[in-house]
Amino acid sequence: MQPTKKILIISYYWPPAGGPGVQRWLKFVKYLPDFNIEPHVYIPENPTYPLIDEKLLGEVSNKAVIIKQPIFEPYGLASVFSKNKTKKISSGIIPNQKKQSFVEKAMLWIRGNVFIPDARVFWVKPSVKFLKKYLQDNQIDTIITTGPPHSLHLIGLQLKKELNITWLADFRDPWTTIGYHKQLKLSSWAAKKHKALEKDVMMTCDQLLVTSPTTKTEFQAITSKPIEVITNGYDIEKVIKKPLDEKFTLAHIGSFLSARNPRILWKALKELTKENPEFKKQFQLKLIGAVSAEVLQALKEFKLEKYVNHLGYLPHDEAIIEQRSSQVLLLIEIDSEETKCIIPGKLFEYMVSERPIIAIGPENADFAQIIKETNTGTFFKYDELEALKAQILICFEQFQQNNLKVYPVGLQQYSRKSLTEKLAKLLITNH
(Lines give C-alpha, C1' and ligand atoms only; values in the text may rest on other atoms or scores of the structure.)
Protein backbone atom coordinates (compact mmCIF):
# COMPACT_ATOMS: atom_id res chain seq x y z
CA MET A 1 0.00 0.00 0.00
CA GLN A 2 1.35 3.43 -0.92
CA PRO A 3 2.34 5.73 1.97
CA THR A 4 -0.38 7.98 3.36
CA LYS A 5 -0.75 11.35 1.67
CA LYS A 6 -1.23 14.32 4.00
CA ILE A 7 -3.44 17.26 3.08
CA LEU A 8 -4.41 20.45 4.89
CA ILE A 9 -8.04 21.66 4.82
CA ILE A 10 -8.68 25.30 5.78
CA SER A 11 -12.28 25.75 6.93
CA TYR A 12 -14.21 28.25 9.02
CA TYR A 13 -17.24 26.04 9.74
CA TRP A 14 -16.53 23.01 11.89
CA PRO A 15 -18.33 21.32 14.81
CA PRO A 16 -19.85 22.55 17.06
CA ALA A 17 -21.10 24.80 14.21
CA GLY A 18 -24.59 23.76 13.12
CA GLY A 19 -26.32 24.37 9.79
CA PRO A 20 -25.45 23.17 6.28
CA GLY A 21 -22.00 24.82 5.91
CA VAL A 22 -20.30 22.34 8.22
CA GLN A 23 -21.50 19.07 6.70
CA ARG A 24 -19.47 18.92 3.47
CA TRP A 25 -15.96 18.87 4.92
CA LEU A 26 -16.94 17.08 8.12
CA LYS A 27 -17.98 14.15 5.91
CA PHE A 28 -15.02 14.36 3.49
CA VAL A 29 -12.70 14.29 6.51
CA LYS A 30 -14.60 11.28 7.88
CA TYR A 31 -13.95 9.20 4.74
CA LEU A 32 -10.58 10.47 3.41
CA PRO A 33 -8.57 8.08 5.66
CA ASP A 34 -10.36 5.17 3.88
CA PHE A 35 -8.55 6.31 0.72
CA ASN A 36 -5.16 6.57 2.44
CA ILE A 37 -5.28 10.34 2.90
CA GLU A 38 -4.53 11.92 6.29
CA PRO A 39 -6.56 15.11 6.76
CA HIS A 40 -5.18 18.00 8.81
CA VAL A 41 -7.97 20.53 9.44
CA TYR A 42 -7.22 24.17 10.26
CA ILE A 43 -10.08 26.00 11.98
CA PRO A 44 -10.61 29.12 14.15
CA GLU A 45 -10.25 28.67 17.90
CA ASN A 46 -12.92 31.23 18.88
CA PRO A 47 -15.37 31.54 15.95
CA THR A 48 -18.78 33.24 15.90
CA TYR A 49 -21.20 30.59 14.68
CA PRO A 50 -24.85 31.64 14.17
CA LEU A 51 -25.96 28.04 14.84
CA ILE A 52 -24.51 25.54 17.32
CA ASP A 53 -24.96 21.75 17.25
CA GLU A 54 -22.81 20.15 19.97
CA LYS A 55 -23.77 16.64 18.82
CA LEU A 56 -21.77 17.06 15.61
CA LEU A 57 -18.54 16.98 17.68
CA GLY A 58 -19.12 13.23 17.96
CA GLU A 59 -18.85 12.91 14.17
CA VAL A 60 -15.31 14.30 13.87
CA SER A 61 -12.95 11.56 12.63
CA ASN A 62 -10.39 10.49 15.22
CA LYS A 63 -7.95 10.06 12.32
CA ALA A 64 -8.04 13.79 11.55
CA VAL A 65 -5.48 16.23 12.98
CA ILE A 66 -7.33 19.37 14.11
CA ILE A 67 -5.35 22.62 14.42
CA LYS A 68 -6.89 25.77 15.89
CA GLN A 69 -5.70 29.36 15.85
CA PRO A 70 -7.42 32.47 17.31
CA ILE A 71 -9.47 34.66 15.00
CA PHE A 72 -10.46 38.30 15.39
CA GLU A 73 -13.99 38.96 14.12
CA PRO A 74 -15.60 42.42 14.12
CA TYR A 75 -19.00 40.80 14.80
CA GLY A 76 -18.14 41.30 18.46
CA LEU A 77 -18.16 45.06 17.91
CA ALA A 78 -21.32 44.97 15.79
CA SER A 79 -23.23 43.01 18.40
CA VAL A 80 -22.80 45.91 20.82
CA PHE A 81 -25.55 47.56 18.72
CA SER A 82 -27.73 44.48 18.30
CA LYS A 83 -26.67 40.93 19.03
CA ASN A 84 -29.81 39.45 17.50
CA LYS A 85 -29.55 41.39 14.21
CA THR A 86 -25.84 40.57 13.88
CA LYS A 87 -26.57 36.88 14.36
CA LYS A 88 -29.36 36.93 11.78
CA ILE A 89 -27.30 38.77 9.14
CA SER A 90 -24.29 36.50 9.71
CA SER A 91 -26.55 33.46 9.18
CA GLY A 92 -27.88 34.90 5.90
CA ILE A 93 -31.28 36.11 7.11
CA ILE A 94 -31.27 39.55 5.53
CA PRO A 95 -34.48 41.54 6.11
CA ASN A 96 -36.54 42.76 3.18
CA GLN A 97 -35.07 46.03 1.80
CA LYS A 98 -38.14 48.10 2.75
CA LYS A 99 -38.17 46.79 6.32
CA GLN A 100 -34.48 47.28 7.12
CA SER A 101 -33.74 49.49 10.11
CA PHE A 102 -30.93 52.06 10.00
CA VAL A 103 -28.71 49.70 12.05
CA GLU A 104 -29.35 46.82 9.63
CA LYS A 105 -28.62 49.01 6.60
CA ALA A 106 -25.41 50.26 8.21
CA MET A 107 -24.33 46.71 9.12
CA LEU A 108 -24.93 45.48 5.57
CA TRP A 109 -23.02 48.43 4.11
CA ILE A 110 -20.06 47.80 6.45
CA ARG A 111 -20.16 44.05 5.75
CA GLY A 112 -19.95 44.64 1.97
CA ASN A 113 -17.66 47.67 1.73
CA VAL A 114 -15.30 47.54 4.70
CA PHE A 115 -14.69 43.82 5.23
CA ILE A 116 -13.71 42.55 1.80
CA PRO A 117 -14.46 39.79 1.01
CA ASP A 118 -16.05 39.24 4.46
CA ALA A 119 -15.65 39.79 8.18
CA ARG A 120 -13.15 36.91 8.56
CA VAL A 121 -10.53 38.78 6.53
CA PHE A 122 -8.50 39.56 9.67
CA TRP A 123 -7.68 35.86 9.96
CA VAL A 124 -5.75 35.83 6.67
CA LYS A 125 -2.37 37.29 7.72
CA PRO A 126 -1.90 35.42 11.03
CA SER A 127 -3.06 32.18 9.36
CA VAL A 128 -0.57 32.50 6.50
CA LYS A 129 2.24 33.10 8.99
CA PHE A 130 1.27 30.10 11.14
CA LEU A 131 0.53 27.73 8.25
CA LYS A 132 3.74 28.40 6.32
CA LYS A 133 5.67 26.88 9.19
CA TYR A 134 3.09 24.15 9.84
CA LEU A 135 3.10 22.95 6.21
CA GLN A 136 6.89 22.83 6.10
CA ASP A 137 7.26 21.15 9.51
CA ASN A 138 4.68 18.47 8.62
CA GLN A 139 5.78 18.05 4.98
CA ILE A 140 2.33 18.78 3.60
CA ASP A 141 2.25 19.92 -0.04
CA THR A 142 -1.51 19.99 -0.78
CA ILE A 143 -4.03 22.42 0.69
CA ILE A 144 -7.76 22.91 0.25
CA THR A 145 -9.61 26.12 1.13
CA THR A 146 -13.38 26.05 1.40
CA GLY A 147 -15.66 29.10 1.24
CA PRO A 148 -17.78 30.91 2.10
CA PRO A 149 -16.37 32.74 3.95
CA HIS A 150 -14.31 33.46 0.84
CA SER A 151 -11.57 35.22 2.82
CA LEU A 152 -10.30 31.68 3.48
CA HIS A 153 -9.39 31.46 -0.21
CA LEU A 154 -7.09 34.46 0.38
CA ILE A 155 -5.13 32.30 2.85
CA GLY A 156 -4.72 29.74 0.05
CA LEU A 157 -3.80 32.45 -2.44
CA GLN A 158 -0.99 33.76 -0.24
CA LEU A 159 0.35 30.31 0.66
CA LYS A 160 0.35 29.33 -3.03
CA LYS A 161 2.37 32.47 -3.87
CA GLU A 162 4.92 31.80 -1.12
CA LEU A 163 5.31 28.00 -1.13
CA ASN A 164 5.62 25.22 -3.67
CA ILE A 165 2.23 23.63 -2.95
CA THR A 166 -0.85 22.33 -4.76
CA TRP A 167 -3.98 24.32 -3.94
CA LEU A 168 -7.62 23.29 -4.46
CA ALA A 169 -10.23 26.03 -3.93
CA ASP A 170 -13.64 24.64 -2.97
CA PHE A 171 -16.67 26.88 -3.55
CA ARG A 172 -19.65 25.57 -1.58
CA ASP A 173 -21.46 28.66 -2.91
CA PRO A 174 -20.48 31.15 -5.60
CA TRP A 175 -18.77 34.40 -4.54
CA THR A 176 -20.00 37.45 -6.48
CA THR A 177 -23.03 35.88 -8.16
CA ILE A 178 -24.76 34.56 -5.04
CA GLY A 179 -28.15 36.21 -4.36
CA TYR A 180 -27.30 38.05 -1.13
CA HIS A 181 -24.13 39.62 -2.62
CA LYS A 182 -26.30 42.29 -4.29
CA GLN A 183 -27.90 43.13 -0.93
CA LEU A 184 -24.59 44.22 0.61
CA LYS A 185 -25.00 47.79 -0.71
CA LEU A 186 -21.63 47.64 -2.49
CA SER A 187 -19.96 50.78 -3.80
CA SER A 188 -18.58 50.39 -7.35
CA TRP A 189 -15.07 50.28 -5.84
CA ALA A 190 -16.02 47.45 -3.45
CA ALA A 191 -17.81 45.50 -6.22
CA LYS A 192 -14.64 45.70 -8.40
CA LYS A 193 -12.47 44.63 -5.47
CA HIS A 194 -14.62 41.52 -4.83
CA LYS A 195 -14.45 40.64 -8.56
CA ALA A 196 -10.66 41.15 -8.69
CA LEU A 197 -10.05 38.95 -5.64
CA GLU A 198 -12.39 36.27 -7.00
CA LYS A 199 -10.50 36.25 -10.31
CA ASP A 200 -7.10 36.16 -8.60
CA VAL A 201 -8.17 33.11 -6.57
CA MET A 202 -9.57 31.33 -9.63
CA MET A 203 -6.52 32.06 -11.79
CA THR A 204 -3.96 31.08 -9.13
CA CYS A 205 -5.33 27.86 -7.63
CA ASP A 206 -4.47 24.54 -9.30
CA GLN A 207 -7.98 23.13 -9.23
CA LEU A 208 -11.48 24.43 -8.49
CA LEU A 209 -14.18 22.38 -6.81
CA VAL A 210 -17.82 23.43 -7.17
CA THR A 211 -21.12 21.92 -6.06
CA SER A 212 -23.20 22.32 -9.24
CA PRO A 213 -22.95 22.22 -13.06
CA THR A 214 -24.23 25.82 -13.43
CA THR A 215 -21.47 27.15 -11.15
CA LYS A 216 -18.92 25.24 -13.24
CA THR A 217 -20.23 26.93 -16.41
CA GLU A 218 -20.13 30.36 -14.71
CA PHE A 219 -16.56 29.86 -13.49
CA GLN A 220 -15.36 28.65 -16.90
CA ALA A 221 -16.02 32.18 -18.14
CA ILE A 222 -13.54 33.51 -15.54
CA THR A 223 -10.73 30.93 -15.53
CA SER A 224 -9.19 28.19 -17.65
CA LYS A 225 -8.15 26.21 -14.55
CA PRO A 226 -9.71 22.73 -14.23
CA ILE A 227 -13.11 22.70 -12.48
CA GLU A 228 -14.63 19.58 -10.95
CA VAL A 229 -18.25 19.26 -9.81
CA ILE A 230 -18.50 17.36 -6.53
CA THR A 231 -22.00 17.88 -5.18
CA ASN A 232 -22.96 17.59 -1.55
CA GLY A 233 -24.45 14.26 -0.56
CA TYR A 234 -25.99 12.05 2.09
CA ASP A 235 -24.38 9.92 4.76
CA ILE A 236 -25.62 6.56 5.95
CA GLU A 237 -27.18 7.51 9.26
CA LYS A 238 -28.63 5.33 11.97
CA VAL A 239 -31.85 7.18 12.59
CA ILE A 240 -34.36 6.33 15.32
CA LYS A 241 -37.45 5.32 13.39
CA LYS A 242 -40.50 7.31 14.36
CA PRO A 243 -43.95 6.51 12.89
CA LEU A 244 -45.11 8.74 10.06
CA ASP A 245 -47.03 11.83 11.18
CA GLU A 246 -50.74 11.22 11.57
CA LYS A 247 -51.50 14.58 9.98
CA PHE A 248 -50.77 15.29 6.30
CA THR A 249 -47.55 17.19 7.07
CA LEU A 250 -45.68 19.26 4.52
CA ALA A 251 -42.29 19.86 6.17
CA HIS A 252 -39.60 22.42 5.42
CA ILE A 253 -36.25 21.79 7.10
CA GLY A 254 -33.65 24.58 7.29
CA SER A 255 -33.60 28.37 7.25
CA PHE A 256 -36.68 29.88 5.60
CA LEU A 257 -35.16 33.12 4.31
CA SER A 258 -37.09 36.27 3.35
CA ALA A 259 -36.34 35.94 -0.36
CA ARG A 260 -37.37 32.28 -0.32
CA ASN A 261 -40.97 33.15 0.54
CA PRO A 262 -43.03 30.97 -1.88
CA ARG A 263 -46.32 32.85 -2.28
CA ILE A 264 -47.37 30.35 -4.96
CA LEU A 265 -47.27 27.58 -2.32
CA TRP A 266 -49.20 29.61 0.26
CA LYS A 267 -51.83 30.40 -2.39
CA ALA A 268 -52.10 26.71 -3.37
CA LEU A 269 -52.47 25.64 0.27
CA LYS A 270 -55.01 28.36 1.03
CA GLU A 271 -57.15 27.31 -1.95
CA LEU A 272 -56.92 23.62 -1.00
CA THR A 273 -58.01 24.31 2.60
CA LYS A 274 -61.00 26.24 1.21
CA GLU A 275 -61.99 23.74 -1.50
CA ASN A 276 -61.36 20.46 0.28
CA PRO A 277 -62.84 19.94 3.80
CA GLU A 278 -60.82 16.74 4.33
CA PHE A 279 -57.58 18.48 3.38
CA LYS A 280 -58.44 21.32 5.76
CA LYS A 281 -58.91 18.80 8.59
CA GLN A 282 -55.74 16.79 7.96
CA PHE A 283 -53.17 19.35 6.72
CA GLN A 284 -50.26 20.65 8.80
CA LEU A 285 -47.26 22.78 7.77
CA LYS A 286 -44.19 21.69 9.74
CA LEU A 287 -41.29 24.19 9.89
CA ILE A 288 -37.90 23.22 11.32
CA GLY A 289 -35.23 25.93 11.52
CA ALA A 290 -35.09 29.73 11.53
CA VAL A 291 -38.08 31.34 9.77
CA SER A 292 -37.91 34.97 8.62
CA ALA A 293 -40.51 37.54 9.65
CA GLU A 294 -41.59 37.91 5.99
CA VAL A 295 -42.48 34.22 5.72
CA LEU A 296 -44.44 34.31 8.99
CA GLN A 297 -46.25 37.46 7.80
CA ALA A 298 -47.15 35.79 4.48
CA LEU A 299 -48.56 32.74 6.30
CA LYS A 300 -50.73 35.10 8.33
CA GLU A 301 -51.84 36.95 5.21
CA PHE A 302 -52.93 33.67 3.56
CA LYS A 303 -54.67 32.62 6.81
CA LEU A 304 -52.43 29.58 7.19
CA GLU A 305 -50.97 30.30 10.63
CA LYS A 306 -53.36 27.90 12.38
CA TYR A 307 -51.91 25.02 10.34
CA VAL A 308 -48.30 25.82 11.28
CA ASN A 309 -46.23 23.69 13.64
CA HIS A 310 -42.95 25.60 14.05
CA LEU A 311 -40.41 23.44 15.89
CA GLY A 312 -37.57 25.99 15.67
CA TYR A 313 -33.93 24.98 15.16
CA LEU A 314 -33.24 21.32 16.00
CA PRO A 315 -29.88 19.50 16.23
CA HIS A 316 -29.11 17.66 13.00
CA ASP A 317 -30.01 14.18 14.29
CA GLU A 318 -33.39 15.35 15.64
CA ALA A 319 -34.15 17.24 12.41
CA ILE A 320 -33.51 14.01 10.44
CA ILE A 321 -36.00 12.08 12.63
CA GLU A 322 -38.65 14.77 12.05
CA GLN A 323 -37.84 14.84 8.34
CA ARG A 324 -38.33 11.09 7.94
CA SER A 325 -41.61 11.08 9.83
CA SER A 326 -43.08 13.86 7.65
CA GLN A 327 -45.50 13.00 4.87
CA VAL A 328 -44.06 15.36 2.20
CA LEU A 329 -40.81 17.36 2.16
CA LEU A 330 -40.66 20.91 0.80
CA LEU A 331 -37.61 22.23 -1.02
CA ILE A 332 -37.83 25.94 -1.85
CA GLU A 333 -35.27 27.98 -3.76
CA ILE A 334 -35.38 31.68 -4.62
CA ASP A 335 -36.83 32.42 -8.06
CA SER A 336 -33.87 34.06 -9.78
CA GLU A 337 -31.21 33.40 -12.39
CA GLU A 338 -28.53 33.45 -9.65
CA THR A 339 -30.05 30.54 -7.72
CA LYS A 340 -30.18 28.05 -10.62
CA CYS A 341 -26.79 26.79 -9.41
CA ILE A 342 -27.84 26.23 -5.79
CA ILE A 343 -28.28 22.57 -4.91
CA PRO A 344 -29.32 22.72 -1.25
CA GLY A 345 -27.38 20.25 0.92
CA LYS A 346 -30.63 19.01 2.46
CA LEU A 347 -31.79 17.72 -0.95
CA PHE A 348 -29.57 14.65 -0.55
CA GLU A 349 -30.87 13.90 2.93
CA TYR A 350 -34.39 14.38 1.59
CA MET A 351 -33.62 11.91 -1.22
CA VAL A 352 -32.77 9.05 1.18
CA SER A 353 -35.59 9.80 3.61
CA GLU A 354 -38.08 7.79 1.50
CA ARG A 355 -40.51 10.71 1.60
CA PRO A 356 -41.72 12.47 -1.59
CA ILE A 357 -40.24 15.89 -2.33
CA ILE A 358 -42.20 18.85 -3.64
CA ALA A 359 -39.69 21.39 -4.93
CA ILE A 360 -40.22 24.96 -6.15
CA GLY A 361 -37.49 26.98 -7.82
CA PRO A 362 -36.23 28.84 -10.89
CA GLU A 363 -36.46 27.47 -14.41
CA ASN A 364 -33.56 25.10 -15.28
CA ALA A 365 -32.51 24.76 -11.62
CA ASP A 366 -29.72 22.19 -11.25
CA PHE A 367 -31.50 20.45 -8.39
CA ALA A 368 -34.62 19.89 -10.55
CA GLN A 369 -32.57 17.59 -12.77
CA ILE A 370 -31.34 15.55 -9.78
CA ILE A 371 -34.89 15.11 -8.43
CA LYS A 372 -36.07 13.97 -11.87
CA GLU A 373 -33.15 11.54 -12.45
CA THR A 374 -33.49 9.94 -9.00
CA ASN A 375 -37.31 9.77 -9.12
CA THR A 376 -37.55 11.33 -5.65
CA GLY A 377 -40.23 13.97 -6.19
CA THR A 378 -41.66 16.71 -8.39
CA PHE A 379 -40.40 20.17 -9.30
CA PHE A 380 -42.41 23.31 -10.08
CA LYS A 381 -41.57 26.77 -11.37
CA TYR A 382 -43.07 29.80 -9.66
CA ASP A 383 -45.81 30.20 -12.30
CA GLU A 384 -47.17 26.64 -12.10
CA LEU A 385 -49.86 27.12 -9.47
CA GLU A 386 -52.42 24.68 -10.89
CA ALA A 387 -49.85 21.93 -11.44
CA LEU A 388 -48.49 22.43 -7.91
CA LYS A 389 -52.01 22.23 -6.44
CA ALA A 390 -52.73 19.08 -8.42
CA GLN A 391 -49.55 17.41 -7.14
CA ILE A 392 -50.28 18.29 -3.48
CA LEU A 393 -53.73 16.79 -4.00
CA ILE A 394 -52.26 13.59 -5.51
CA CYS A 395 -49.98 13.27 -2.46
CA PHE A 396 -52.93 13.92 -0.15
CA GLU A 397 -55.06 11.22 -1.83
CA GLN A 398 -52.17 8.72 -1.57
CA PHE A 399 -51.78 9.70 2.10
CA GLN A 400 -55.50 8.98 2.68
CA GLN A 401 -55.06 5.55 1.08
CA ASN A 402 -51.97 4.95 3.23
CA ASN A 403 -49.96 4.67 0.03
CA LEU A 404 -47.74 7.78 -0.06
CA LYS A 405 -44.29 6.50 -1.04
CA VAL A 406 -41.39 7.17 -3.41
CA TYR A 407 -39.26 4.71 -5.34
CA PRO A 408 -35.81 6.31 -5.80
CA VAL A 409 -33.18 5.19 -8.33
CA GLY A 410 -29.41 5.81 -8.59
CA LEU A 411 -28.85 7.38 -5.17
CA GLN A 412 -25.51 5.65 -4.50
CA GLN A 413 -23.51 8.18 -6.56
CA TYR A 414 -24.51 10.85 -4.00
CA SER A 415 -23.33 8.94 -0.91
CA ARG A 416 -20.63 10.83 1.02
CA LYS A 417 -18.25 7.90 0.62
CA SER A 418 -18.62 7.81 -3.20
CA LEU A 419 -18.12 11.59 -3.35
CA THR A 420 -15.01 11.36 -1.12
CA GLU A 421 -13.58 8.71 -3.45
CA LYS A 422 -13.97 11.20 -6.31
CA LEU A 423 -12.17 13.85 -4.22
CA ALA A 424 -9.38 11.42 -3.25
CA LYS A 425 -8.71 10.61 -6.93
CA LEU A 426 -8.43 14.32 -7.67
CA LEU A 427 -6.02 14.86 -4.76
CA ILE A 428 -3.77 12.08 -6.01
CA THR A 429 -3.80 13.22 -9.67
CA ASN A 430 -3.17 16.85 -8.68
CA HIS A 431 -0.17 15.83 -6.61
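These legends go with several close-up views of side-chain contacts in a predicted model. Residues are numbered from 1 along each chain as its sequence is written, and side-chain values use heavy atoms, with hydrogens and water left out. Because the model is predicted, local features need pLDDT of at least 70 and side-chain atom pairs count only at pLDDT 80 or more, while totals for chains, interfaces and linings use all residues.

**View 1. Glutamate 333 and arginine 260 pair up in a salt bridge.** Side chains of opposite charge can pair when their charged atoms come close. Here a salt bridge means a side-chain nitrogen of Lys or Arg within 4 Å of a carboxyl oxygen of Asp or Glu, and a search of the whole structure turns up 26 of them. In this one, the closest N and O atoms of glutamate 333 and arginine 260 are 3.7 Å apart. Glutamate 333 sits in the loop between β11 (328–332) and α13 (346–351), and arginine 260 in the loop between β8 (248–253) and α9 (263–275), so the pair ties together parts that are 73 residues apart in sequence. (Buried is under 20% relative accessible area, exposed is over 50% and partly exposed is in between, using a 1.4 Å probe and protein chains only.)

**View 2. Glutamate 278 meets lysine 281 within helix α10.** Their salt bridge spans 3.2 Å, N to O. Both residues belong to α10 (residues 277–282) and lie three residues apart, which is about one turn of the helix. Glutamate 278 is partly exposed at 31%, and lysine 281 is exposed at 54%.

View 3. Glutamate 421 comes out as partly exposed, with 34% relative accessible area, and lysine 425 as exposed, with 54%. Elsewhere, salt bridges that share partners join Lys27, Lys30, Glu59 and Asp235 into one network.

**View 4. Tyrosine 12 has a ring partner and a charge over its ring.** The structure holds 19 aromatic pairs. Rings of Phe, Tyr and Trp (its six-membered ring) pair if their centres lie within 6.5 Å; planes under 30 degrees apart are stacked, over 60 edge-to-face, and the rest tilted. Tyrosine 12 and tyrosine 49 are edge-to-face, at 5.5 Å centre to centre and 80 degrees between the planes. Both tyrosine 12, at 0%, and tyrosine 49, at 10%, are buried. The charged end of arginine 120 sits over the ring of tyrosine 12, 4.1 Å from its centre. (That takes NZ of Lys or CZ of Arg within 6 Å of the ring centre and within 35 degrees of the ring normal.)

**View 5. Phenylalanine 248 and phenylalanine 396 are a buried pair.** Their ring centres are 5.2 Å apart and their planes at 65 degrees, so the pair is edge-to-face. Phenylalanine 248 is in strand β8 and phenylalanine 396 in helix α15 (residues 385–400), so the pair ties together parts 148 residues apart in sequence. Ring pairs link Phe248, Phe279, Phe283, Tyr307, Phe396 and Phe399 into a cluster.

Conventions. Helix = DSSP H or I, 4+ residues; strand = E, 2+ residues; numbered from the N terminus.
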